[in-house]
Amino acid sequence: MKFLLVYAHPRTDSYCHALKETAAATLRKNGHTVDVLDLYAEGFRAEMSAEERLAYHTPVANLAGIEDHVARLKAADALVFVYPTWWYGQPAILKGWFDRVWAPGVVFDINGGVIKPLLTNVRAIHVVSTMGAPWWFAWLMGHPGRMFLRLGVKRMCAAGCRFTWRAHDLMDSSTPESRAAFLARVARDFEAL
């Protein structure tokens, strides 16, 4: 399978970086192709300009400046997102990637108010994240970042698209042992794909 691994963390010495490296290495070891899209390293511009918003509902015109990202997305069989959960959701750069790249004519069409998914090449979405809060607090808040991906993003993909979520909760009080155990769990998850 061809995986597009979308990574969103500004530091190369972060735990998220280790999670990204583990996921990519495990997938490659098992014969998969992995295209790593490091949004910070590539200098992706998250904010949508006034001109881009004006062209948003005009397919082809709405691809200006993001053609490479769209091509990489359309070439993928599965998506992997690795990022820290900040304020219960994705970092702004990742949300901006969705705002700008997941556009009409790319991942969906709207016909008479009905949304038709176009990203039918994507059969699986795997998420690896970290959270400072305990799992129950994220649950109490309604898990907005997780729900955005599971209910919104997944809806634009193939029917029956598989969704998995792994999060290391309590990152702010994590230990070397808890981080090592979670890295091993992530490796096992990707080994099984």
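Reader: Is Leu-170 buried, partly exposed or exposed?
Author: Leu-170 counts as partly exposed, because its relative accessibility is 39%. The cut-offs are under 20% relative accessible area for buried, over 50% for exposed, and partly exposed in between, with a 1.4 Å probe and protein chains only. Keep in mind that this is a predicted model, where local features need pLDDT of at least 70, side-chain atom pairs count only at pLDDT 80 or more, and totals for chains, interfaces and linings use all residues. Residues are numbered from 1 along each chain as its sequence is written, and side-chain values use heavy atoms, with hydrogens and water left out.

Reader: Where does Leu-170 lie?
Author: In the loop between β7 and α7. Helices and strands here are DSSP runs numbered from the N terminus, with at least four residues (H or I) for a helix and at least two (E) for a strand.

Reader: And what's phi of Leu-170 near?
Author: Near 55°, which is a positive value in a residue other than glycine. His-143 has a positive phi too, of about 45°, and is not a glycine either.

Reader: OK, His-143 then. Buried or exposed?
Author: Buried, because the relative accessible area of His-143 is 14%. You'll find His-143 in the loop between α5 (135-140) and α6.

Reader: What is His-143 in contact with?
Author: Met-131, Ala-138 and Trp-165, leaving aside neighbours within four places in sequence. Contact means heavy atoms within 4.5 Å.

Reader: Switching to helices. At what angle do α1 and α7 pack?
Author: About 30°, with the axes of α1 (residues 15-29) and α7 (residues 176-191) 9 Å apart. Axes are lines fitted to C-alpha atoms, for helices over the stretch in contact, and angles run from 0 to 180 degrees between N-to-C directions. So α1 and α7 are roughly parallel to each other; that label takes angles under 35 degrees, while over 145 is roughly antiparallel, 65 to 115 roughly perpendicular and the rest oblique.

Reader: Which residues meet there?
Author: On the α1 side they include Leu-19, Ala-23 and Leu-27, and on the α7 side they include Phe-182, Val-186 and Phe-190. By class, the contact of α1 with α7 has 10 nonpolar, 2 polar and 3 charged residues. Ala, Val, Leu, Ile, Met, Phe, Trp, Tyr, Cys and Pro count as nonpolar, Asp, Glu, Lys and Arg as charged, and the others, Gly among them, as polar.

Reader: How many residues are in the largest nonpolar core?
Author: 38, and those with the most contacts inside it are Phe-81, Trp-97, Trp-102 and Ile-125. Such a core is a set of buried Ala, Val, Leu, Ile, Met, Phe, Trp, Tyr and Cys residues joined through side-chain atoms within 4.5 Å.

Reader: Which element gives the most to this core?
Author: That's α4, with 5 residues.

Reader: What does Ile-125 touch?
Author: Among others, Ile-125 touches Leu-79, Phe-81, Val-153 and Phe-163, not counting residues up to four places away in sequence.
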